[in-house]
Structure formats: C-alpha cells, structure tokens
Amino acid sequence: MKNLRIAIQKSGRLSEKCLSLLNRCGLQFDNRKRTLISRAKNHPVELMLVRDDDIPHYVRDGVCDIGIVGLNELEEKIGCSKSPDNPVKVIRSLGFGSCRLSLAWPKSVPFEGLESFSGKRIATSYPNILERYLESKSIAAEAVEISGSVEVTPSIGVADAICDLVSTGATLDSNGLKEVITILESEAVLVRSNQTLESEQEDFLTRLLQRIDGTLLAQNANYIMMNAPKSSIDEIAQYLPGMETPTVVPLSTDSSKVAIHAVAQEDVVWETMEQLKRAGASSILVLPIEKIIE
Ligand SMILES: Nc1ncnc2c1ncn2[C@@H]1O[C@H](COP(=O)(O)OP(=O)(O)OP(=O)(O)O)[C@@H](O)[C@H]1O
Ligand SMILES: O=P(O)(O)OC[C@H]1O[C@H](OP(=O)(O)OP(=O)(O)O)[C@H](O)[C@@H]1O
Ligand SMILES: [Mg+2]
C-alpha cells in the first residue's frame, strides 16, 4: 500500500502543534529530529519535516500528498487559495498559528491612510501578497523583499514601511512601528493537491480527516455530569447552552433523582455550574473530552 505523505514544518512556530495534532490523531513517529522523512509506526503514513516555505510547492507538485502550513505561506507561494482551480486546496483550518499579515508604519511619521504608501518602499517577506494587494487598491509602491527581521528595515533606511506578520504587536511596537492595515488573516491550514491519490491513500486521508475533526471538536468540548431532582430537569436543561439533548439516567439509589450527562461544545464556566447548583443539581463534574466521532 502506498503511504500518504504529510509535510509539516521541521522547526518553527508550527512544528510542535502539527506533531501534537498528528499524535492526537493516533499517528506515532520516531522522535529523532534529524530524520527528515519518517514512516509512522502504526499507519501507512510518511512524515516529511521541511521548511514551511517549501510546503505549498511540495504539495502542488505531488512531492507530498498533504501538508500543514500557514495560510500566509500558501497565499504567497501559490495564491488564490479560495479559487476552485487552485492546484493546492485548503481542506481544513486548524485553529492554531493565528496571526495576520499587516502593513505597518513608523510611529514617528504622520499616517494619512492607504495613500501614504504611494511611492514608498515597503519591506516584506510576502512580496506576492503585497503586490496583489497594492494593485487591487491602485497604489504604486515598491515591495522590497527581505527574508527576516523585516521590522528593523525602516530604522536602518532600507524601507519606509513594512508588511509583515503580527500577532501580539509587540515586535512592531518595540521597533517603533504601528499596525495600520490588515491584508490577510492567517492560521495553520491542512492542504492537499488537486492530483488524484491512489484509492487506499484517499481512504486513509478520509479516516485522518475524521480524526482531525474529532480532535478539533473535542479540543473545546467538555463532558458535564450531575445529579438532580427529576423536577429540575427542564430548568437545568436551560442552563446547558450549546449542548445536545442531555442524557437523563435514573439513579438506582434514589428514585426522586436522575443523573444528567451532556456534551458542551464550549468551556463550562464556574458561573454555569453555580446556576446548575442553584437549580438543584449536585455532584457536578466537568471533564475534558479527548476525541469525538459524530
Ligand atoms: N507571531 C506569530 N504568532 C502566531 N503565528 C505566527 C507568528 N508568526 C508566524 N506565525 C505563523 O507560523 C508560521 C511559521 O512561522 P516561523 O516563524 O516558524 O516561520 P519561518 O521562520 O519561516 O520557518 P522556516 O524555517 O520553516 O522557514 C508562519 O508562516 C505563520 O503562519
Ligand atoms: O506580533 P508579535 O507577537 O510580536 O509577533 C510577530 C513576529 O513573529 C514572527 O516572527 P518570529 O518570532 O516567528 O521570528 P522569525 O520571523 O525570525 O521566524 C513575525 O515575523 C513577527 O516578527
Ligand atoms: Mg519560512
């Protein structure tokens, strides 16, 4: 059977989270960091550890079948991820690696809107996204390609402004810059090529996607259990927002009471538990959920 090849970032902001997601999906790999291709111990899967810049092209060219990469890298290297003709398709958004690609301007220079960028040099590691954006807004500015430490370029005279990734904004702030326009909201995405996979690979990918969905769903979900008088079931159900119909089970020791179990698709806060107690519930337990298959 042909292995499903998965590319993830070798070392960087996404590496640990990608590995942890795959582990939670039941894939086990050798931990040796220097092994750049490793076969999963228990599934027909091969893991490729590579620079994140290369993942979009590897997936497009069929070097690997699927990959996890920031949407920012995908848009830069392949572009138009939303177009149906795109050779690389986003098949899941994974909810980590959240950041945005933004234009930033020196705090010491007055900023008068997008027009301020006209005729200016903008340093960036994302020249394709930037140029597409500037063109769509009819702004004539020069994208100066820089591979890293972009935030330093205005203060050393290499550029007038920058276009780079922002998360907390601390890097911009400590380099005398302020975020002025967001061009792209990004997060880690699972991608696949448009090329047809062998049927066994496709089958395994379907199973893997079900596991990823189950893991992502479980991530924010909780299981809540409590005992309550039968007379309070309706009131208690009102305080279980976003939950499927709770399971109500008789208690063998007390016929006036029942056990209520429910899955909450969100965090259950102390206030909700306090409300449940006021409504007559006791022994209220909230447990994390590890996996879900719907
Ligand atoms: N400050 C941030 N907060 C959250 N996510 C971020 C942040 N900066 C980058 N990312 C996301 O993490 C991805 C990887 O970032 P990282 O800095 O590790 O990349 P890199 O230096 O290009 O790594 P590589 O050596 O693989 O080329 C980015 O493409 C982006 O999607
Ligand atoms: O808004 P902040 O929370 O300060 O994050 C933004 C910084 O994070 C990323 O760099 P990273 O730290 O990954 O370093 P690198 O660019 O050298 O990989 C990005 O390129 C910014 O420089
Ligand atoms: Mg990179």
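## Pairing of β12 and β15

In this predicted model, strand β12, which spans residues 222-229, pairs with β15 in the antiparallel sense, and five bridges join the two. Met225 stands opposite Leu285 of β15.

Both strands belong to an open sheet of four strands, ordered β13-β14-β12-β15 with antiparallel pairing. Its edges are formed by β13 (247-250) and β15 (282-288), each of which pairs on one side only. On average, and with direction ignored, neighbouring strands of this sheet are turned by 20° against each other.

## Surroundings of ligand 1

Ligand 1 is surrounded by 16 residues, of which Gly12, Arg13, Asp52, Gly70 and Ser167 are the closest. By class, the shell around ligand 1 comprises three nonpolar, eight polar and five charged residues.

Ligand 1 lies between domain 1 (4-96 + 188-218) and domain 2 (99-186), because both domains give residues to the shell around it.

## Surroundings of ligand 2

The shell around ligand 2 consists of Arg13, Gly148, Glu151, Asp164, Leu165, Val166, Ser167, Thr168, Gly169, Ala170 and Thr171. Two elements, β9 (161-166) and α5 (170-174), each give two or more residues to this shell. The largest share, three residues, comes from β9.

Divided by class, the residues around ligand 2 are three nonpolar, five polar and three charged.

Notes
Residues are numbered from 1 along each chain as its sequence is written. Chains are lettered from A and ligands numbered from 1 in the order in which they are written. This is a predicted model: local features need pLDDT of at least 70, side-chain atom pairs count only at pLDDT 80 or more; totals for chains, interfaces and linings use all residues. A residue is near a molecule or strand if its C-beta atom, placed from the backbone, lies within 6 Å of it. Ala, Val, Leu, Ile, Met, Phe, Trp, Tyr, Cys and Pro count as nonpolar, Asp, Glu, Lys and Arg as charged, and the others, Gly among them, as polar. Two strands pair if DSSP finds at least two bridges between them. Axes are lines fitted to C-alpha atoms, for helices over the stretch in contact, and angles run from 0 to 180 degrees between N-to-C directions. Domain bounds come from an automatic or database domain assignment.
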